[in-house]
Amino acid sequence: MADGTAFERWYTASDLAGLPSLPGTERRINSRAERDGWQRRARQHGKGWEYGFSSLPPEAQAAILFRERPASVARPTVTMARSDAQIRSAWQRYDAVKQDQKDKAANRLKALHAVRTLVINNTPLMQAREIVAVQLQMAGTNVSAASIARWQAAVEGADSKDWLALLVPHYSGRTSTAEIEPEAWELFKADYLRVEQPTASSCYDRLQRIAKVSGWTLPCLKTFTRRIERELPRAVRLLARQGEEALMRSYPAQERDRSMFAALEAVNADGHKWDIRVRFPDGSEGRPCILGWQDLYSGKILAWRLCDQESSDVVRLSFGDMLRIYGVPSSVYLDNGRAFASKWMTGGTPTRYRFKVREEDPAGLITTLVGADGVHWVSPYHGQAKPIERAWLDFCERISKHPAFAGAYVGNSPTNKPENYGSRAIEWTEFERVVTSEIHEHNARQGRRTKVCKGRSFDTVFNENYANTVVRRVSEEQLRLLLLAAEAVTASSVDGSVRLDGNRYWTEALSEYAGRKVVLRVDPWHLQGEAHVYALDGTFIATAPCIAAVGFADVNAAREHARGRKQYRKAAKQMLEAERLLDAAKVAAQLPPTHAPNLPSAAVVAPVFGLHGKKPDPKPERLAATGTEGPSALELLMFQQARQRKEQEI
């Protein structure tokens with residue numbers, strides 16, 4: 001091995017200076033090499049000599065091996081191989097241990113490689129172990145030659161590539177735990193695993209009070225908490241202490257790629273209640289709502305309606321706005337709220353899961369225009385399924401807290417009210433103006449970081465793709481169907497004009513319907529615009545503009561009032577029926593009949609004399625019997641007065 005081919009590494013005098021058993025200067029290293037006859041060669045770069053690894057003393061070789069791992073070492077012949085199951089088990093254990101255990105296995109592997117290299121370079125095995133043990137002790141590791149021998153025995157018969165897994169320490173720390181009374185453990189779990197989220201210490205204190213009565217010996221609190229974390233998965237703890245919503249948040253959200261769509265190919269809609277106090281047109285105050293439609297490809301808000309509360313009418317009108325401006329989408333993503341799942345909107349969809357689904361239900365307006373296969377139902381309050389909810393979050397920060405609404409912000413929860421809560425109510429017209437402006441700014445804002453936008457705005461991305469998209473348009477007749485149908489009204493018998501909530505509509509075609517009933521389709525939030533007039537049989541008559549805009553009325557509020565009055569009347573009738581178990585006929589049937597009383601017999605009966613003694617004077621014949629013997633005094637008086645008036649006239 002004196003030729004140096006076993007290790008094929010060469011070192012200069014500066015590399016060797018200071019190693020164990022070697023001088024500390026280059027001059028003395030060269031002298032030592034000259035005296036001991038080390039194998040050498042001329043330096044490839046610069047002047048001087050390079051010395052072969054195999055010529056160095058064993059102590060110096062061990063130090064070099066710990067400083068730099070050899071590139072390749074000849075493998076000794078083994079006589080016994082480890083089974084695949086043993087190797088697989090060792091690597092599984094290696095994956096399961098902590099990093100400090102893995103670092104110890106790596107240091108042991110390095111020591112075994114150093115011993116093997118020394119042995120290959122003619123150093124006796126026992127001496128090589130001692131040399132490596134000394135090097136490890138100098139590095140701060142308390143290792144003996146016997147320990148190295150045990151490591152070598154642990155990897156005997158295994159391939160060197162599996163030595164790392166076999167050298168993992170088998171010491172696993174303290175594994176024994178104190179015993180817990182089974183009943184005490186069940187009591188602790190029942191107390192701790194509650195949505196009220198009591199602390200472990202309070203549960204432990206209550207358990208101690210029970211243990212005094214039951215005679216149990218309890219371990220420390222840490223034993224209970226460690227067992228909770230060890231035996232109960234985190235998902236179980238979340239479900240028990242924080243509920244299903246927290247459990248679902250712990251599950252990774254699905255990342256949905258919206259770049260597969262085109263502009264207006266798919267839209268999603270949702271409603272949002274503003275954290276602002278406004279004054280509605282009818283004078284009442286409250287928190288308004290918005291119902292919007294968002295393009296899934298770009299994220300742009302396409303259409304929206306502001307209202308007092310979410311309803312199917314607002315869905316109808318906002319959907320009509322989107323159709324009028326952009327066209328018909330290929331698919332819509334909705335939650336099954338009452339407004340969207342109304343049969344007038346999505347009737348005919350097989351998986352509506354709201355209200356009763358009947359075969360005779362009419363096809364809803366959205367189902368008719370988009371198709372039953374184009375309506376998709378998603379989970380409510382689920383931002384991954386309805387990206388428009390992310391837009392509502394943006395509106396909460398940029399619109400609800402707008403400086404124009406200072407004093408009207410009410411907070412996003414009853415416990416998060418601002419100091420100036422209730423100090424102001426925003427007028428409806430001002431609220432509409434600011435919201436409209438800010439939504440346009442939301443669509444035009446640059447720097448969007450979605451996969452489609454890449455720093456551009458929603459408007460830019462939508463307009464670029466929309467220009468190359470085939471858009472389906474609806475006719476004016478179809479758009480009129482999206483407007484709300486009012487009750488039948490009677491046209492004026494004079495000029496044929498119609499009135500609705502203080503507004504007067506007229507066109508020349510209505511003159512033919514003077515005095516007849518017609519049906520109006522109007523936008524309840526724009527009553528002072530125009531009304532589409534239909535005959536009672538559904539025939540379209542004409543579009544009548546508003547010629548006398550004298551008032552504003554909220555059709556939705558009127559409808560809600562009528563609904564409330566109807567429910568009140570119905571409830572009163574039901575209560576009355578519950579109290580009045582018997583009707584009047586049954587009461588009358590229970591009454592016993594009353595008969596005429598029996599006449600008592602007279603004690604003395606006296607005769608009547610003179611009935612045949614004198615005939616009465618003859619009396620004039622009367623035209624008809626009146627049931628009396630002659631005219632009364634009142635009749636005679638009236639007859640006399642009438643004759644006197646007649647004489648005076650003559």
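In the predicted model, the axes of helix 5 (residues 99-120) and helix 7 (residues 145-154) come within 10 Å and cross at roughly 95°. Axes are lines fitted to C-alpha atoms, for helices over the stretch in contact, with angles running from 0 to 180 degrees between N-to-C directions. Helix 5 is therefore roughly perpendicular to helix 7 (65 to 115 degrees). Arg108, Ala111, Leu112 and Val115 of helix 5 meet Ile148, Trp151 and Gln152 of helix 7, where contact means heavy atoms within 4.5 Å. Five residues of this contact are nonpolar, one is polar and one is charged. Here Ala, Val, Leu, Ile, Met, Phe, Trp, Tyr, Cys and Pro count as nonpolar, Asp, Glu, Lys and Arg as charged, and the others, Gly among them, as polar.

In helix 19 (residues 458-466), Phe458, Asp459, Val461, Phe462 and Tyr466 are buried (under 20% relative accessible area, 1.4 Å probe, protein chains only). These residues lie on the same side of helix 19, because they cover an arc of only 170° around the axis, taken from the directions from the helix axis to the C-beta atoms. They pack against strand 7 (289-295), strand 8 (301-307), helix 14 (312-325) and helix 18 (428-444).

An open sheet of three strands has the order 6-5-11 and mixed pairing, with pairing requiring at least two DSSP bridges between two strands. Strand 6 (285-286) and strand 11 (426-427) are its edge strands, each pairing on one side only. Strand 5 (residues 278-279) and strand 11 run parallel and are joined by two bridges. Arg279 has Glu427 in strand 11 as its bridge partner.

Helices (H or I, at least four residues) and strands (E, at least two) are DSSP runs numbered from the N terminus. Residues are numbered from 1 along each chain as its sequence is written, and side-chain values use heavy atoms, leaving out hydrogens and water. Local features need pLDDT of at least 70 and side-chain atom pairs count only at pLDDT 80 or more, whereas totals for chains, interfaces and linings use all residues.

Key. Angles under 35 degrees count as roughly parallel, over 145 as roughly antiparallel, 65 to 115 as roughly perpendicular and the rest as oblique. Buried means under 20% relative accessible area, exposed over 50%, partly exposed in between (1.4 Å probe, protein chains only).
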